[in-house]
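Q: I have a model open and want to learn to read its features. Where do we start?

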Amino acid sequence: MRTHYCTELNEKNVGEKITVAGWTNSYRDHGGIIFIDLRDKTGLIQLTCDPEDSASAHKIADSVRDEFVLIAKGTVRLRGEGLTNPRLKTGAIEIVVDELIIENKSAPVPFVIGDKNVGEETTLKYRYLELRDPSVYETFRLRSKAAIAARNVLDANGFLEVETPILTKSTPEGARDYLVPSRVHNGEFYALPQSPQLFKQLLMVGGFDRYFQIAKCFRDEDLRADRQPEFTQIDVEMSFCNQEDVIKVAEDLLEGIFSACDIDVKPPFNRITYKEAMELYGSDKPDLRYDLKMVDVIDIFERCDNEIFTNIAAQPHKNRIKALRVPGADLVFSKREMKSFESFVRQFGAHGLGYFQMKEDGLKGPLTKFFSEEDIQLIIERTELEVGDVVFFGAGEKKTVWDYMGRFRIFIAEHEKMNLIDENKFEFVWVVDFPMFEVEDGRVKALHHPFTMPKDTDKNDVEEIESIAYDIVLNGTELGGGSIRIHKEEIQEEVFKLLGISEEEAQAKFGFLLDALKFGAPPHGGFAMGFDRMMMIISKKSSIRDVIAFPKTQKAACILTNAPSEVDNTQLRDLHIRLREQTKA
């Protein structure tokens, strides 16, 4: 039906007879000549309908309204002097229409295509209209290019794309599963996969050697700006490899994807250990676009005259006192503002937030009276303070201090008065040597998953056991991660024992994997990367919903299709389900 897309035309096409198709973006009647801005996926071009050129086309144009579907045939010409539109790619030309077809009419639309101030509830309900915006189309063009590049890189490296099951077994060890009732197995349920983890390990046992999949995954968890109940990940597994082999493949993959999106990244990427990340940045996904590092000053505070600090400092194994130097903060923040920062950290468990200001005549602040001149000088040297800087202090239990000081670091970097973040920068970092386990409410849990290979299991403190696991972080967002897997039955049994999983429970939940490990499983490892998160960063969107064609709301609902929804009693009976009425509180 068309010879060209709208923005494929330029001055070189002047004089050519062409056909374009799309939607009416706007129309104007200027003294009998009707101008229509036609929009397709590439952008806009102006149609000119003059009764002197074509009376029939002009008559049809007179009945055109917004979002009508049009096919226009005509001749490309330059716009008159002073009539060009520099805001349009096609602003120097127009199409003089000699045949206009209204292929379909449109009801009045609920919002103007391209309006960025429309509420999310409206745009998600009419998502197909929002998708008509060429800037939205560009996001999905990038996503398509990235997916093709991922496949090409992995194919070139000898990986085989394999689809794993969507209906699988519930293994409630991580996030909550989405359950699917079985019609033919009364009272039993499938689960939608949180990841293809177990199946890709079975593929390694099956000798496939190198597998990948751009996989749909599902997690029934509370949503945030970077989470959806169904999401896409690039899933990779390989045999006879070590951590270095896996990281090399992951870096090649990222380089290829970003290059396809016209972004130059240069592996190898920086690496830090989990312990370094927590001690320096208070986060296992640090944003390294800005250089704010926490410094340990617990030994200095141990000598001060404040009992609160000395009691904390007396237990350096379980507690931390961290200093965060903010360059130039004394020049932009008032004392009232710096005092108000305390309310920010209190919501994350802090009891307070002390600070010193570096003035021309030395270090100032209410806490200085508790320190000797020698220790004040040591604080200046250790935190590398210069005139105009402020150093903030957090003290307390180790994990709590890491958390709130890490959040405070981000808060300061994002503050409008500091503006420390270069939005055009892409800063990758590998975080390695994660703890194998964490203890919550007295229960030992796997930090990643229970199939991760530990470095050893001989530590007295279970939280000191490290794993061969690694995360790739970009601009403070965890893109993904992976590990070398357990491929020996006796090691897997030892890990289950540490997790408090009995032989019976392990067999019930993971029996098929444990059985497979008995038949000569090769050493193997891999990773998974969140494709939606990656595209959110590449396309500079603030929400993951912007890079998913038909996303859910924060309450995991699809406003467009009204899902989830009730089903009739016949369907419930087929599934052997009876709903229980909720009792009022």
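A: Start with residue classes. Ala, Val, Leu, Ile, Met, Phe, Trp, Tyr, Cys and Pro count as nonpolar, Asp, Glu, Lys and Arg as charged, and the others, Gly among them, as polar. Keep in mind that this is a predicted model.

Q: How do the residues lining the largest cavity divide by class?
A: The lining has seven nonpolar residues, one polar and one charged. Leu124, Arg127, Phe550, Pro551, Thr553, Ala557, Cys558, Ile559 and Leu560 form that lining. By the classes above, Arg127 is the charged residue and Thr553 the polar one.

Q: How much space lies in the largest cavity, and how many cavities are counted?
A: A cavity is a space where a 1.4 Å probe fits but cannot get out. The largest cavity holds about 40 Å³. The count comes to one cavity of 30 Å³ or more.

Q: What about the second largest pocket: how much space lies there, and which residues lie nearest its centre?
A: A pocket, unlike a cavity, is an open set of points. The second largest pocket has about 590 Å³ of space. Its lining counts 15 residues, and Tyr178, Leu179, Leu192, Ala556 and Pro564 lie nearest the centre. By class, the lining splits into nine nonpolar, five charged and one polar.

Q: Pro564 is in that list. Which peptide bond there is cis?
A: Look at omega. The bond from Ala563 to Pro564 is cis, with omega near 0°. Pro564 sits in the loop between α16 (531-538) and α17 (569-574). Another cis bond joins Pro267 and Pro268, with omega about 0°. Pro268 belongs to the loop between α6 and β11 (270-273).

Q: Now phi. Which residue other than glycine has a positive value?
A: Phe240 does, with phi near 50°. Phe240 lies in the loop between β10 (230-239) and α6.

Q: Next, strands. In what order do the five strands of the barrel close?
A: Follow the pairing from strand to strand. The order is β1-β2-β3-β5-β4, and the pairing is mixed. From one strand to the next, the twist averages 55°.

Q: In which sense does β1 pair with β2, and in which with β4?
A: Strand β1 (residues 17-30) is antiparallel to strand β2 (residues 33-40), over seven bridges. Asp29 stands opposite Ile34 in β2. Strand β4 (residues 69-78) also runs antiparallel to β1, again with seven bridges. There, Ala21 has Ile71 of β4 as its bridge partner.

Q: Which residue in the hairpin of β1 and β2 takes a positive phi?
A: Gly31 does, near 60°. This hairpin has two residues between the strands.

Q: How do I read the open sheet, and which strands stand at the edges?
A: Read the strand order across the sheet. Eight strands run β6-β9-β10-β22-β21-β20-β17-β11, with mixed pairing. β6 (160-161) and β11 stand at the edges with a single partner strand each, so one side of each has no neighbour in the sheet.

Q: How many bridges join β9 and β10 in that sheet?
A: Nine bridges join strand β9 (residues 210-218) to β10, in the antiparallel sense.

Q: Which strands does α6 lie across?
A: α6 lies across β9, β10, β11, β17 (428-432), β20 (469-474), β21 (477-484) and β22 (524-530). Against β22, the helix runs at about 30°.

Q: Last, helix packing. At what angle do α4 and α6 pack, and is the crossing left-handed or right-handed?
A: Take the angle, the axis distance and the hand together. Helix α4 (residues 134-156) packs on helix α6 (residues 243-260) at about 145°, with axes 8 Å apart. The crossing is right-handed. On the α4 side, the contact uses Lys145, Ala146, Ala149, Ala150, Val153 and Leu154. On the α6 side are Val249, Asp252, Leu253, Gly256, Ile257 and Ala260. By class, the contact of α4 with α6 has nine nonpolar, two charged and one polar residue.

Technical notes
Residues numbered from 1 in each chain as written. Predicted model: local features only at pLDDT ≥ 70, side-chain atom pairs only at ≥ 80, totals over all residues. Heavy atoms only, no water. 1 Å grid on protein atoms, 1.4 Å probe; cavity = no way out; pocket = protein on both sides within 12 Å on 5 of 7 lines; lining within 4 Å. Points joined across faces, edges and corners; volume = space filled by probe spheres on them. Axes fitted to C-alpha atoms, helices over the stretch in contact; angles between N-to-C directions. Helix = DSSP H or I, 4+ residues; strand = E, 2+ residues; numbered from the N terminus. Left-handed = near helix turned anticlockwise from the far one by under 90°. Contact = heavy atoms within 4.5 Å. Pairing = 2+ DSSP bridges.
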